[in-house]
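Welcome, and please take a moment with the sequence and the fold below. The notes that follow walk through a few local features.

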Amino acid sequence: MLPLAQIAHGIGHKVGGSDRSYDQGRTPEKFAWLAENGFDLYPQDGSGITSAKQILIASAAVEDTVPEVASARDLGCDRMSRAELLSALFNEAGYSVAIGGTSGKSTVTGMIAWILSEGNYDPTVMNGAVMKNFTSPENPFASARVGNPRIFVSEVDESDGSIALYKPTIGVLLNISLDHKSIEELRTLFGDYVREAGCAIINFDNDEACALAKHAGQLVSFAVNDPRADISVEPDSIEESPFGISAAILDNRSSEAFPLVLPMPGLHNLSNALAAIAAVSAAGIEVRAAALALGSFAGLGRRFDVIGTAPSGTTVIDDFGHNPEKCAATLRTLKATPGRVIAFFQPHGYGPLKQMGDELAETFAKELDADDITIMCDPVYYGGTVDRSEGTERITALITQHGGSAQHIPERTACGNRIVELAQPGDRIVIMGARDDTLSSFAKSVLEQIK
């Protein structure tokens, strides 16, 4: 909601809001920044809704029992979902780029935003993560960029089906895998998305995404491993390091090659870079210029975000991994270089844990070695009516059954103490989870305790 609020405010609307986190005293620095920058803050008791002329914008996670919803209903206020407002702004733009898929959306959105910004195109950008290239002391929460409203770049979400609302000039499809919906539902949603795009950008390395290419009107394909793709890499050119990756990018349409030195690690980020390059090439930007711009891409908050390294050589990393594919990408990146991994995982809800718990357990068991350790706390819960009968202990038991090493410690602070107790020189500790901004401060506290 924050980046959408920033964009609405940036184009001249008066914006206020409420949040359980505000009432509970979490992330006070974020709410202080909002108040200082012209956003009205209210307790979540309905007091912010005072006029029928107001429009209530609520995410799909907001229940009808929340007081603001009741107040808006009583006053007869118009109500829009987060996606309805975002898609309205997006579809009004003269040129729009949507980024969809199960994993990698925020990173690719940030990459495209940076390439366009470096090319002086001044895009308006809606992202789900803080884009480090656009942060400043004046705006440390740059998950949005307010620029020319006629050029709009946004990640689009399939979890609530709202991806169907967007009519992109360019529509990027990164991958399709299990997350919030069944594979059958995702095939339908993403198939319609590809049909709707003026030009579809599709990952040929992902079988499910590749199968939808037949629905595209115009198509630019990309792949790390599939030589049929329009944008690919020279296989022998890939060089990985703990904090970066480089390769020769091939534009198979013109038989040209260009160097890419990406200051973030992992083959999944190389794939993300290819997606961004393919997308902007469809908009007429040269592959050479796009690859050069990505050399100064600073990455995103909570996307393999290195918090620091203790004098002992133990490194702490903050990461948004929360579904099987995202977690696998992060763990593979860590295991591509030597050293033990301690993986802490906070499930982002009881519902998602029930939906994909088996696959998550298999991921942690498969991607980590015998001497690595997984530690999980109870799912994040801030109130509501969700079924809490199935918890984390089932997942850690499954990891153990699959041959991995896992511990369930219900309370997060106790997990931190256990991590510090286990930490050895040279370990990489990764703090993983979503929907909880306090995970970043937790990661910093673990590093400070180790120091």
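## Terms and model

Two strands count as paired if DSSP finds at least two bridges between them. Helices (H or I, at least four residues) and strands (E, at least two) are DSSP runs, numbered from the N terminus.

This is a predicted model, in which local features need pLDDT of at least 70 and side-chain atom pairs count only at pLDDT 80 or more, while totals for chains, interfaces and linings use all residues. Residues are numbered from 1 along each chain as its sequence is written, and side-chain values use heavy atoms, with hydrogens and water left out.

## The six-stranded sheet

Let's start with an open sheet of six strands in the order S16-S17-S21-S18-S19-S20, where the pairing is mixed. Strand S16 (305-309) and strand S20 (406-408) stand at the edges with a single partner strand each, so one side of each has no neighbour in the sheet. On average, neighbouring strands are turned by 20° against each other, direction ignored.

Contact here means heavy atoms within 4.5 Å. Axes are lines fitted to C-alpha atoms, for helices over the stretch in contact, and angles run from 0 to 180 degrees between N-to-C directions.

## A hairpin

Strands S14 (residues 244-251) and S15 (residues 256-262) are antiparallel and joined by seven bridges. Ala247 faces Leu260 of S15 across the pair. Four residues lie between the strands of this hairpin, in which Ser255 has a positive phi near 60°.

Seven of the nine residues of H1 are buried, that is, under 20% relative accessible area with a 1.4 Å probe, protein chains only. Among them are Leu2, Leu4 and Ile7. The buried residues of H1 pack against helix H3 (28-36), helix H5 (82-92) and strand S8 (148-155), among others. Just after H1, Gly12 takes a positive phi of about 110°.

What lines the second largest pocket? Its lining includes Gln6, His9, Gly10, Trp33 and Arg145. Helix H1 (2-10) and strand S7 (144-145) are the elements that give two or more residues to this lining, and H1 gives the most, with three.

A pocket is an open set of points on a 1 Å grid over the protein atoms alone, where a 1.4 Å probe fits, with protein on both sides within 12 Å along at least five of seven lines; lining residues have an atom within 4 Å of a point.

Methods
Buried < 20%, exposed > 50% of the residue type's maximum accessible area, 1.4 Å probe, protein only.
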